[in-house]
Every structure is written in C-alpha cells, then in structure tokens.
Amino acid sequence: MQHEARSVLRDVFGYAEFRGGQADAVDAVLGGRDALVLLPTGAGKSLCYQVPAIALARAGRGMTIIVSPLIALMNDQVSALVGRGVAAAALHSQLDEDERRAVIGRLVRGELALLYVSPERAVLDGFHRLLARTPLALVAIDEAHCVSQWGHDFRPEYLQLGALRRLTDAPTIALTATATPRVMAEIARSLGLRAPATITGNFARPNLAFSVHHVRDDATRLATTIAALDRAGLRTRHGDGRGIVYCATRKTTERVAGELAAAGFAAGHYHAGRTGFARDRAQRAFAAGRTRVLVATSAFGMGIDYPDVRAIVHYQAPGSLEAYYQEAGRAGRDGLPGACVLLFGRGDLETQRRLIDRANAHAEDALVEIERYANAATCRQQLLCAHFTGTADHPACERCDACTGSIAEITVPVIELLAAPAQQVILDAVAALGRSIGKVNLARALRGSQSKAMAAHGLLHLPQHGALRDASEESIVASIEALVRDRKLVRRGKKFPTIALPNASRPSRPARAATRPARTGGGGSIAIELDVYRKRMARQLRWKSYMVFQRGAIVAIDRARPTTKAELARIPGLGPAKIERFGDDILELVRRYTTSSLR
Ligand code: ADP
Ligand code: ZN
C-alpha cells in the first residue's frame with residue numbers, strides 16, 4: 001500500500017515527495033493504525049488522509065469519511081479533489097434536497113472515495129445507518145482540537161464523534177494545527193483512538209518576528225499598532241502585502257478601524273456581529289487589496305489564507321497561546337518576513353475573563369500562559385513551539401524581540417504631581433480628619449467619591465471632600481507619596497498602611513504592628529508577609545491565591561527585593577495587570593521589610 005500511496009501523491013497531486021510528517025501519518029493509517037497528527041497550518045494535513053483515502057478506494061477497501069467543521073472548507077476541498085478526478089462529495093446543511101439525494105445515491109452505490117460531513121451530521125443516527133450500507137476504509141477528523149473545552153474552538157458535537165469511531169474497525173486519523181500535549185491527550189481519549197501513532201510537526205516559523213509590547217493606555221496601543229503597520233509598509237493605499245489587527249471585542253474593532261482610517265490606512269473591519277453581507281464585503285475588499293489592513297475579532301479565522309500578510313498585530317491579548325499562535329501564524333505564509341506584535345496591557349486578561357466561560361477553570365490557566373509569554377525574556381518562538389510540542393529543544397529564532405535584545409520597555413506614563421496649593425489641600429484634609437487614613441480612600445474622598453467606603457471612614461463630611469475633583473486618583477496618590485517622602489506626612493501600619501500628620505498621636509493598633517520586632521535574616525519572613533498579603537487579596541477578590549501571584553513570584557521578589565515598578569516587571573509571573581493592581585502594595589511591603597530589618 002505504501003507504494004500505491006506514493007503513486008497517488010505523484011499521479012493525483014503532482015508532488016514528488018511527502019513532506020515532514022505526512023509519510024508517517026500515511027504509513028500509520030495504511031498499516032491499519034489510528035493516528036493523531038499535529039502539524040502547523042500549511043504543512044499539508046489534508047494529504048495525510050486524502051492520499052490514503054484514494055489509495056484505499058482504488059484497492060476496493062471502501063470510502064473515507066472526513067469530519068470537517070466549516071462548510072466553506074469542505075466545498076473547497078471537494079472541488080479541488082473533483083478537479084483532480086477524484087470521486088469526492090460533501091454532505092451538509094447547505095445542500096438542497098436533490099443534491100443531497102444524489103450524494104447519498106453515490107454513497108450507497110459505493111462510488112465515493114471521500115465523503116466530507118459536518119460534525120452535526122456525523123453524529124446523527126440516520127447518518128450512521130447510511131454508513132452501514134457501504135464499507136468504510138478510513139475516518140478522518142479534521143480540526144480535532146474542537147473536541148477540547150480547553151481549546152479555543154470548542155464544538156459540542158465533536159464530543160460525540162467517538163460514536164463514529166465505534167461504528168467501524170477502520171483506522172481513524174485525527175488532525176489539528178493547534179493543540180498542547182494536554183489537548184492531544186484529550187483528543188485521543190474523546191475520539192477513542194487506539195494506541196495512535198502520534199505525529200508532531202515542526203512549529204517553528206523562521207520568517208516570523210514575534211514581539212510583545214506592554215502598553216498602559218489606548219493611545220499607546222494605537223501608536224504601537226500604527227508603528228508596526230507602518231514598518232510593514234502598509235500605510236499606502238496600493239502596494240504589496242496586508243496586515244491584520246486582531247481585537248478582543250467587536251466594539252474595539254470598529255473603533256480601531258476608524259482610528260486607522262483617520263491615520264491614513266485603507267482599513268476595514270470584520271466581526272461576527274456584522275451582517276453576513278457586510279462581513280463578505282469586508283473580506284472581499286481585503287482579498288482584492290482594496291483594504292490593506294483588516295481589523296477583526298477572532299471570528300476572522302479558520303480557513304482564511306492570504307500568503308502575503310506582513311504584519312499581525314494583536315491589539316489586545318487573546319485568550320490562549322493556541323489562539324495566539326494560530327492567529328499570528330497567518331503572517332508570512334509565503335515564507336517572506338512577517339511581524340507578529342502582541343500588545344499586552346492592564347485589563348486584557350480581565351477582558352478575556354469577561355468573554356470566556358467563567359466556569360472553565362482551564363481558561364484561567366490559558367491566561368496565565370499568555371501572561372507568562374508576554375513577560376518572558378527568552379526567545380518567543382522557542383516558548384511557542386515548546387507550548388505545542390511539550391519539549392524544550394527548539395533553537396532560538398534570532399528574530400524576536402528577546403533574541404535581538406529589543407524587548408520594548410514597559411511604558412509607564414509619568415504621573416504628574418499636584419501643584420503646591422493642591423498638595424496643601426491634602427495636608428489640610430489629613431489635619432481636619434485628625435487621624436490616620438488610607439491614601440487611596442483619602443484620594444477618592446478628595447475627588448468627591450460618594451461610595452460606601454467614604455461613609456464608612458467618615459469621609460463624606462470632610463471639608464475637603466470633592467476639593468480635588470479635577471485631579472486624577474493616581475496623581476493624588478502620587479502626591480500623597482511625595483508628601484510622605486518629604487516627611488510632611490508619615491506612614492503608619494504595615495499590613496494596612498495609612499498616612500497621618502507627623503506629630504499626630506499614634507493609634508494603638510497600627511503602633512503595635514509597627515513596633516513588632518523586626519525580623520532579621522532575610523529569607524523566610526518577607527515571603528511570609530507576601531503570602532499573607534496574597535491570601536488577603538485573594539479573599540477580597542474571591543480569587544484563588546495563586547491567581548494573585550504564584551509562589552515562584554514570592555521567592556523571586558524576596559530574592560530581588562525590587563524597589564521600582566520597572567524592577568517588579570522583571571519578576572516572572574508578575575504581568576502589568578498584576579503590577580497595576582498589587583505593585584504599590586508589594587513595593588511598600590518590600591520597602592518596609594528592608595528598612596525595618598536594617599534598623
Ligand atoms: P494544512 O491543512 O496543514 O494547513 P494543506 O493541506 O492545505 O495544509 O496544504 C498546504 C499546501 O501545501 C497545499 O497547497 C498543498 O497542496 C501543499 N502540499 C501539501 N503536501 C505537499 C507535498 N508533499 N509537496 C508539496 N506540496 C504539498
Ligand atoms: Zn527568538
């Protein structure tokens with residue numbers, strides 16, 4: 001049979017040799033064995049089942065069923081095969097009654113070599129009864145990662161495909177371009193594969209340059225996006241190449257497309273909320289080169305293949321590294337250079353949490369992995385490949401921002417301090433209050449907050465309540481910190497630091513905390529403080545404590561004793577979102593610990 005397979009490759013497809021991975025997959029199924037194939041997009045997964053299907057049909061062994069999730073993809077494949085003289089057809093919901101009957105007729109007469117079906121149909125009893133009327137040579141499950149609820153394209157019908165597997169003794173081949181080792185195991189289990197031959201391709205994309213930019217605000221996101229598209233030569237109306245900007249939400253695609261158009265780009269936008277007509281038009285304009293940049297949600301994806309995409313910008317972080325690599329991997333299909341830029345900012349993970357199924361615990365793991373990728377300082381491509389293959393032996397790419405030593409510094413906007421009169425308002429407020437108060441609550445009171453916390457702390461009737469309405473909370477807090485540095489205010493307490501006037505009498509509780517004997521010997525105790533802190537935050541946020549930060553981060557903080565947010569950003573596992581949320585507290589904790597153990 002192996003010999004026949006090679007002649008099918010030559011005669012039907014016109015290729016001299018199998019590519020990496022294909023020969024193993026073909027050999028496995030022709031040898032009657034199940035196979036699980038993980039090959040990157042463009043590697044040639046279709047031939048892994050088409051070649052054996054044709055060889056088996058020629059040998060009179062029966063028909064091959066291919067389950068495929070997208071009707072458009074099925075139709076493309078069927079017409080390509082028919083064009084090569086292969087007896088192929090598809091059964092899906094878009095056929096009319098006559099077409100359907102014609103396909104079924106050919107099936108029962110044993111005329112078909114390949115039959116593509118949608119997952120919805122593949123699980124129907126009626127379809128199974130139909131299959132009983134013709135011998136089956138092979139079952140192929142395309143986009144097999146759709147069985148996984150951990151993956152990003154979950155299709156419930158895929159969970160029932162095991163039934164199809166049980167109908168027949170013919171081998172089953174499952175194929176995907178995107179699965180972690182964990183998802184691979186899930187595919188094998190769910191489909192009931194029997195000791196499958198596992199084939200993993202090479203995921204390296206040597207022509208792609210990956211980079212991550214940590215961004216703090218929308219203006220920076222936009223500026224970084226524009227710079228990346230500019231570098232790819234996409235600002236002019238006409239020219240070679242295209243770019244895709246992926247956004248997490250529909251609203252963002254519309255806004256960003258508008259901004260890019262205003263900046264002189266020929267930009268369109270695409271998301272699942274648009275009418276089919278508007279979507280088609282956006283896609284056609286992009287295909288024809290009338291728009292060179294398409295701003296899209298992940299709805300613009302599967303089955304899309306333009307060879308000359310020069311830049312893929314993720315305006316917001318996606319929900320998993322699998323989704324990221326699949327989307328970013330649409331760059332440079334022609335082998336020419338492509339830039340893959342991930343913008344990562346505070347709130348991105350929160351946005352994803354809103355979008356994903358909260359009950360899915362794995363989704364949180366996937367976000368942790370995205371964050372780890374964003375914060376990594378080693379070869380991005382190595383990390384991505386390792387994510388899929390589960391092995392670490394990938395060479396550095398020499399192209400990414402880490403390899404070229406050009407990881408963009410985290411852009412922390414300068415927070416302006418308040419002018420002297422406004423600073424005096426802060427001091428007056430603390431004096432009027434006559435006791436210590438948390439800096440954030442004070443800042444909020446000065447901005448006029450009416451929240452419950454204000455009432456609880458007796459801040460609503462402060463004479464200065466609302467006096468700094470026009471200042472930002474950040475600049476008030478920064479000014480309070482500056483006043484502490486200037487010793488015009490003092491900080492009180494350890495776990496719940498508050499501020500007070502220097503000469504005010506010390507309330508008893510924080511005093512006890514402050515005079516507690518300083519721990520010496522470094523090591524353990526700062527770790528204990530950090531652990532107490534993360535547990536407290538976890539309780540407040542109703543998170544698991546590892547979601548605040550992980551043990552590894554505690555150890556690293558203890559070792560590095562960071563004093564600035566930039567240093568904090570180098571702690572593995574602390575992304576910008578976490579630094580945003582917890583950074584001040586962590587720095588304060590470290591500062592207190594180090595000064596108290598010096599004393
Ligand atoms: P995938 O499904 O893995 O994304 P495809 O099956 O669509 O990839 O194949 C990608 C391209 O590679 C197609 O144009 C296909 O004809 C071509 N191709 C596949 N196998 C070979 C081969 N052995 N030699 C040359 N070209 C191949
Ligand atoms: Zn690299």
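Let me begin with the surroundings of ligand 1, where, in this predicted model, the shell is made up of 13 residues, and the closest of them are Tyr 15, Gln 22, Gly 42, Lys 45 and Ser 46. If we sort that shell by class, we find 5 nonpolar, 5 polar and 3 charged residues, and the element that gives the most to it is helix H3, residues 45-58, with 3 residues.

Now to the individual atoms. An N or O atom in the side chain of Tyr 15 lies 2.5 Å from an oxygen atom of ligand 1, whereas for Glu 17 it is a backbone N or O atom that comes in, at 2.9 Å from a nitrogen atom of the ligand. Lys 45 also takes part through its backbone, with an N or O atom 2.8 Å from an oxygen atom of ligand 1. As for the ligand's surface, ligand 1 taken alone exposes 570 Å², and the protein buries 68% of that.

What does Phe 210 touch, if we leave out residues up to four places away in sequence? Its contacts include Tyr 324, Tyr 325, Ala 328, Cys 340, Tyr 373 and Leu 384, and also Arg 380, Gln 381 and Asp 401.

Conventions. Residues numbered from 1 in each chain as written. Chains lettered and ligands numbered in written order. Predicted model: local features only at pLDDT ≥ 70, side-chain atom pairs only at ≥ 80, totals over all residues. Heavy atoms only, no water. Near = heavy atom within 4 Å. Polar contact = N/O pair within 3.5 Å; in protein donor to acceptor, adjacent residues only side chain to side chain. Areas by Shrake-Rupley, 256 points an atom, 1.4 Å probe, with all protein chains shown as cover. Helix = DSSP H or I, 4+ residues; strand = E, 2+ residues; numbered from the N terminus. Nonpolar A, V, L, I, M, F, W, Y, C, P; charged D, E, K, R; others polar. Contact = heavy atoms within 4.5 Å.
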